[in-house]
Amino acid sequence: MQPNELDNLLSPIRDKLTGIERKSDTRVFLPCEAEHVSEICRFLFEDLGLRFVISTGIDAQDCFEVLHHFSDDESGCFVTVKAFIRDREAPVLDSITPVIPGAEWIECEMHDLLGIEFRNHPHMRRLILSDDWPDGVYPLRKEIRT
Amino acid sequence: MDWRLWSLKKSIWVFHVNTGACNNCDIEIVNLLTPKFDVERFGMKLVGSPRHADALLVTGGGTRQAAIRLREVYRQTAKPCVVFCMGACACGMGIFEKGYHMAGPIDSIVRQVDPHAIIAYVPGCPPKPEAMIAGVVKALGVLQPKEKYATERIGQPVVADPR
């Protein structure tokens, strides 16, 4: 995807992004703050028709990052929405599952492993940790030592 | 006790338990049943219930979720029985040793139920089918009845008995 073409496509949500990081023709990052993530993902999924691939949760010491990866299959371009959650004590993010049903399980997994709360998730439950795992312990956080 | 040991060794029916393996060991175990290795010529057979089994083939390192199930399966297995730890993970958790989701290697999980369990180890990632057969044969060789009337009565050595 060429730079000017990308800017045109993203112009409706340009004010919600904190920047457009263009790593290559086929790799674009869209950093944003946590409160805009569901609106941006709705735009990419419904208006641009991108395919939702997967999400990534990262504990970045001072904040949590949730990356929603989208693919434009025609051009082979990957677009990643990178949401920063600044509140480490009670990380909350809007769920994209009401818009994209395929994100249900990966959001449950991020909730299990990193303790990120997903607002408006329709069916949040323990997905991959064992049944006897203690509540409130999130194994992929940096402060956990084995 | 002698006839129990003899009946344990005569034709081993095995039940396969996956406690979080990556499926590689499982595929090698299935490979044992194919015509190339054909363990049924030794009387070994995969069965669908631990209540029918003489041996448990355990693969995987033993995750917290699977440890409860493994202990339950061991309780249900007809005694006496042998536990075979197949692969590096089952023998000592392998690369998952310090993982947060692990409940310990297979032997320690089984010994929580039965401290005197008979446990054999076949390392490898995955172990070759030949190694698995050799491991079973060696384990059976160790399980010698004190009196040999069982072998004499049949008139031939116990199957897979190296002596």
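Me: Which residues are buried in helix 2 (residues 37-47) of chain A?

Reply: The model is predicted. In helix 2 of chain A, the buried ones are A:Val37, A:Ser38, A:Ile40, A:Cys41 and A:Leu44. Buried here calls for 20 or more other C-beta atoms within 10 Å.

Me: What makes the buried residues of helix 2 of chain A line one face?

Reply: Look down the helix axis. The buried residues of helix 2 of chain A fall within an arc of 160 degrees, so they line one face. In general, an α-helix has 3.6 residues a turn, so residues three or four places apart point the same way. On the other side of helix 2 of chain A, A:Glu46 and A:Asp47 are exposed.

Me: What covers the buried residues of helix 2 of chain A?

Reply: The cover includes strand 2 (27-33), strand 4 (64-72), strand 5 (77-85) and strand 6 (92-94) of chain A.

Me: Why is A:Arg22 called partly exposed?

Reply: A:Arg22 has 14 C-beta neighbours inside 10 Å. Buried needs 20 or more, exposed 12 or fewer. The count of 14 falls in between, so A:Arg22 is partly exposed.

Me: Where does A:Arg22 lie, and which residues does it contact beyond its neighbours within four places in sequence?

Reply: A:Arg22 sits in strand 1 (residues 21-24) of chain A. Its contacts of that kind are A:Pro3, A:Leu6 and A:Val28. A:Pro3 is 19 residues away in sequence, with a C-alpha to C-alpha distance of 8.0 Å from A:Arg22.

Conventions. Residues numbered from 1 in each chain as written. Chains lettered and ligands numbered in written order. Predicted model: local features only at pLDDT ≥ 70, side-chain atom pairs only at ≥ 80, totals over all residues. Helix = DSSP H or I, 4+ residues; strand = E, 2+ residues; numbered from the N terminus. Contact = placed C-beta atoms within 7 Å. Arc of directions from axis to C-beta.
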